[in-house]
Amino acid sequence: MLQDDATAHPFEFHGRGGEYFRIWIVNLALSIITLGIFSAWAKVRTKRYFNGSTFVAGHNFDYHASGYRILIGRVIALTLLLGYQLSVVFFKPLVLVWVIVGLFVVPWLIISSIRFNARNTSYRNVRFNFSAADMEAFVAYIVWPIVGFCTFGLLWPLAQQKKDYFYVNNHNYGGRYFEANFSVWRMYTIFAIALGLMIVFLVVIVAILVPLVPLILHKGNAGVAAAGHLLGLIFVVPFYIAMGMIAPLIHTMIVNLVTSATVFDEKHRLQSTMSPFMMAWIMVSNALLTIITLGLFYPWAKVRAARYQLEHTTLFITGDAESYVSEVFETQSAVGEEIGSFFSFDFGL
Amino acid sequence: MITGRYFFPNSARTVAARAEKTASQLRIEAFDGALLAEAPFATVKITARLASLPRRLLLPDGGCFETPDNDGVDAMIGMARHLIGGGWMDRVERSWRAVVISIVLAAAAGAAFGIWGLPWAARSLAASTPEWLANSISEHALQTFDKNYLLASHLDGAQQQRAQSLFDRVVTAGGCGTHHCTLLFRRGGILIQANAFALPDGEIVLTDQLTDLVKADDELEGVFAHEMGHVVYAHALQRVYQASLLPAAIAVVTGDVSQVSQIAVLLPGILIQSAYSRGFENQADLYAITTLRRMRARPAAMADLLERLEKTHCGAGSCGPSWIGDHPDTASRAKLMRGAH
């Protein structure tokens, strides 16, 4: 049970935009020269930089993947995608076969990717792990979304909850499990807020459009053309900004909810207190600055988003942290590790 | 001697420690001198240097020595550091010269891809697209247009026949090359006014509103010759390939499909696409001029129609800056056509 003697350990992010810029641009150039092959190793360096810059309770995280395995994962994913595309073009009935195969392959790909990332992430010399049955992924990623879709979104928050449970509750660190537990009504609240925001957005658009109606009616052809141009601007620009805002808003609220509902080893608790509006602003302004600087701002954008998220995440450790971690051991046997990692690749999911 | 902390084998338990290389052994001891671990140096894995992150020396038994002293570790590795885990990457990332070269290279590669690579790829893919695929794309596109943006034509039989005979004249003059061009009549909905456009399989759609604007036969011939130019160069297919290759290429090279990169690519993507589109229009104009000359028609008639079109669409002023539009500005197009006698 959670006890009151928990001490707060805020996460810290020590990464700097200027430092990451050098890593990013050099790796980008090498990826271009090698026609994308090096990007697998570039990904390792990037993940190592971000994991390594993340500190909690005086220790940082690490990332151990080999670029070679990421490359294999990408080749497999690309082959599947290409096979699908080719059969769409050359033999349509085969698409049905692909859909059926996909239903079963996709859950495996998802588990494999999550497991790959967990196994290659460590904290204090001990690795994370992810263990889930293929069936669970099938239910969480295929069945529930279909149910959510078929009920016209009514059960979508429930599907989201199942997906989050699948992700969190199958993760462990040193053999001790994470567990997320929250009322599904809180997820419904988030989706209700999102729906409300979209309605407000539509009302504003209509309010702007109504004055244009007389223009269309009175000016004939030229009026229609002028209104068409205005419509384009009025719809397209705010549409992208609003979509760019609403997606991170929902995402941030979900991350807050799930993180704060997560308990580790039944006694340590996580908390996330990001402001959804601040995060949405960071995402939108990051995208705009990246466009204006022709992409050069990108490393600062990534560092800025990571810093905001981590500086609003806290780990509450019950009891004495040092004496607790002394009991945490690597539980993966060397053989299990080899077999496990042989069957896991990063597919970028 | 470097200082840091030691993690016991496969454990999160840690003590302050120091490490030293003696002959071929790595020796890790507590500050009171007690031996914590010892292993042949050749069996120790050392993580590659990366920015100012702490370094880890991984022992074969699952123990680990961690230190912020990157230079100390490099000195300990000595000559071997080229060989152990990507030390060269760190030196490249640290060098200002490499950073500057990388920026120039990335910018040059991006520009070259946009100017030559992507158009070339789209052109060769469009050229090798089988006919049945082009037909199926066209059929699908026409269905979508008919459903959302187009209505049945109001033109009477005589008007349609006149347009058809002009169309046939351009085809006879070789306007459609070896392709099979057909003319379709539609009335434009609210979003498509006076317009004509070509589908990949050679179907050319003419809206009633454009027919209403036409004052002379060779104006309409100009429109047909221009659209046939789009058919001959397979511009519609090239557009399809350009739109799907650009995001795919960015994802492959950067290995990043995150939200930030998707949004950031959106607007430049639109600008690049409209630049390609202006290139296509220019190519179709030049093609139309050649065809019209061969038929002894007046390319300048097309200029008259374009100017009339712009006046109806955008009033007295012009339609906005050409660098966002998907057509070159009317004044320069008209100049091109009038200069072509």
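**A walk through helices and hairpins**

In helix α1 of chain A, the buried residues are A:Tyr20, A:Arg22, A:Ile23, A:Trp24, A:Ile25, A:Val26, A:Asn27, A:Leu28, A:Ala29, A:Ser31 and A:Ile32; buried means that 20 or more other C-beta atoms, placed from the backbone, lie within 10 Å of a residue's own, while 12 or fewer make it exposed and anything in between partly exposed. This is a predicted model, in which local features need pLDDT of at least 70, side-chain atom pairs count only at pLDDT 80 or more, and totals for chains, interfaces and linings use all residues. Residues are numbered from 1 along each chain as its sequence is written, and chains are lettered from A and ligands numbered from 1 in the order in which they are written.

Let's stay with α1(A). Helices (H or I, at least four residues) and strands (E, at least two) are DSSP runs, numbered from the N terminus. α1(A) has 17 residues and reaches 24 Å from its first C-alpha to its last, close to the 24 Å expected at 1.5 Å a residue, where the expected span is 1.5 Å times one less than the number of residues.

How do α1(A) and α2(A) pack? Their axes are 9 Å apart, at an angle of about 170 degrees; axes are lines fitted to C-alpha atoms over the stretch in contact, and angles run from 0 to 180 degrees between N-to-C directions. The two helices are therefore roughly antiparallel to each other, a label for angles over 145 degrees. Among the residues making the contact are A:Tyr20 and A:Ile23 of α1(A) and A:Ala42 and A:Tyr49 of α2(A); contact means C-beta atoms, placed from the backbone, within 7 Å.

Now look at the strands of chain A. β9(A) and β10(A) pair in the antiparallel sense over 2 bridges, and pairing requires that DSSP finds at least two bridges between the strands. A:Phe264 stands opposite A:His268. This hairpin has 3 residues between its strands, and A:Asp265 takes a positive phi near 50 degrees. β10(A) is also joined to β11(A), running antiparallel, by 4 bridges, with A:Arg269 partnered by A:Phe316.

Chain B has a hairpin too: β3(B) and β4(B) have 4 residues between them, and B:Gly33 in the turn has a positive phi of about 95 degrees. These strands run antiparallel, joined by 5 bridges, and B:Glu29 has B:Leu35 as its bridge partner.

Finally, find B:Val100 in helix α3 of chain B. B:Val100 counts as exposed because it has 11 C-beta neighbours inside 10 Å.

Key:
Parallel < 35°, antiparallel > 145°, perpendicular 65-115°, else oblique. Contact = placed C-beta atoms within 7 Å.
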